[in-house]
Amino acid sequence: MDETEARRALVETCARLYDRKLTVSAGGNMSVRCGENILITPSGRNKGLLKPEDLVLVAMDGTVLSGPKPSIETRFHLALYDANKDTNAVVHVHPLYGVALTVNGQSLRCNLTPEGALLLGKVAVVPYVTPGTEELVDAIRAKADSKVMIMERHGTLAQGATLEEAYNRVEELEFQARLQMLCPDAEDLPASELARLGVI
C-alpha cells in the first residue's frame, strides 16, 4: 500500500471506529505499515475528525519523518510491528463494554458465539500500567503473540494483516463484551463445538 492510499485508508478506519463508538474524543491510536515505516494517528486529536495530512509518518526506530507529534503510544505499535512481521495494522481503542469488563474485574469470554471463538481466539489481558510509559510497552511486547488484547481500565488492542482485520477484531471484541454483560449467566459453546470449529 503506497503512502497516499495508506493515509486514506487509515483516516477512513478511524472515522468508522469513532462512528461505531469504539473510541471517543481523542482516545485510542491506530497505525498501518507503510513500506519501511508506519503511519500513526497524531497525539491529542479526535479520531472522527482526522484528515490524511494529519497522520504522522514514523520510522521503525521511532524517528518522526513527517507530520505533527505522534501518539504517546507509538512505541508499543512499533514493538508489535517489530515482533510480528505479518502485522500490518494496529488498532487501540477505548470501547465502553470492553473497558467496563475490566473495571468490574471480569475477563472476556470469547466462546459464547462461533464468531467470537473464530475471530478472537484467546484474548490476552495486560494488567493496568500507566499509559504512555515504557512499562506499558514492555507489558504489550511480552504478549505480542496475541492478536487481541484487553488492557485493564484502558482499552482494547488488535493486530491484523490488514486494517480491516484489525478493525474487525476490535469490533468483535466489543460485541462479545456487550453480549457477556447482557447475558452474564450464558454458557460457553461446548468443547465439542469448539473442536469442530477448529479453535481447540
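Predicted model: local features only at pLDDT ≥ 70, side-chain atom pairs only at ≥ 80, totals over all residues.
1. Let's start with helix α1, which runs over residues 3–19 and so has 17 residues. From its first C-alpha to its last, α1 reaches 24 Å, close to the 24 Å expected at 1.5 Å a residue.

2. What caps the N-terminal end of α1? That is D2, with a side-chain oxygen 3.2 Å from the backbone nitrogen of T4. Past the other end, just after the helix, K21 takes a positive phi of about 60°.

3. Now for the buried residues of α1, which are A6, R7, A9, L10, V11, T13, C14 and L17. Have a look at the spacing with this in mind: an α-helix has 3.6 residues a turn, so residues three or four places apart point the same way. As for partners, the buried residues of α1 pack against the strands β1 (29–34), β2 (37–40), β3 (56–59), β4 (64–66) and β5 (89–93), and also against helix α6 (163–182).

4. Helix α2 (residues 74–83) is largely enclosed by the rest of the structure, because 7 of its 10 residues are buried. The buried ones in α2 are T74, F76, H77, L78, A79, L80 and Y81.

5. N46 deserves a quick look, sitting in the loop between β2 and β3. Why does N46 count as buried? Its relative accessible area is 18%, and buried means under 20%. The side chain of N46 reaches the backbone nitrogen of G48 at 2.7 Å. Leaving aside neighbours within four places in sequence, N46 is in contact with Y18, S25 and A26.

6. On to the largest pocket, which holds about 300 Å³ of space. Its lining is made up of R20, K21, L22, L96, Y97, E171, E174, F175, R178, L179 and L182.

7. By class, the lining of the largest pocket divides into 6 nonpolar and 5 charged residues, with no polar ones.

8. Finally, the second largest pocket has a volume of about 250 Å³. It is lined by 17 residues, and L108, C110, G121, K122 and V123 lie nearest its centre. This lining has 9 nonpolar, 5 polar and 3 charged residues.

Terms used: Residues numbered from 1 in each chain as written. Heavy atoms only, no water. Helix = DSSP H or I, 4+ residues; strand = E, 2+ residues; numbered from the N terminus. Expected span 1.5 Å × (residues − 1). Buried < 20%, exposed > 50% of the residue type's maximum accessible area, 1.4 Å probe, protein only. Contact = heavy atoms within 4.5 Å. Polar contact = N/O pair within 3.5 Å; in protein donor to acceptor, adjacent residues only side chain to side chain. 1 Å grid on protein atoms, 1.4 Å probe; cavity = no way out; pocket = protein on both sides within 12 Å on 5 of 7 lines; lining within 4 Å. Points joined across faces, edges and corners; volume = space filled by probe spheres on them. Nonpolar A, V, L, I, M, F, W, Y, C, P; charged D, E, K, R; others polar.
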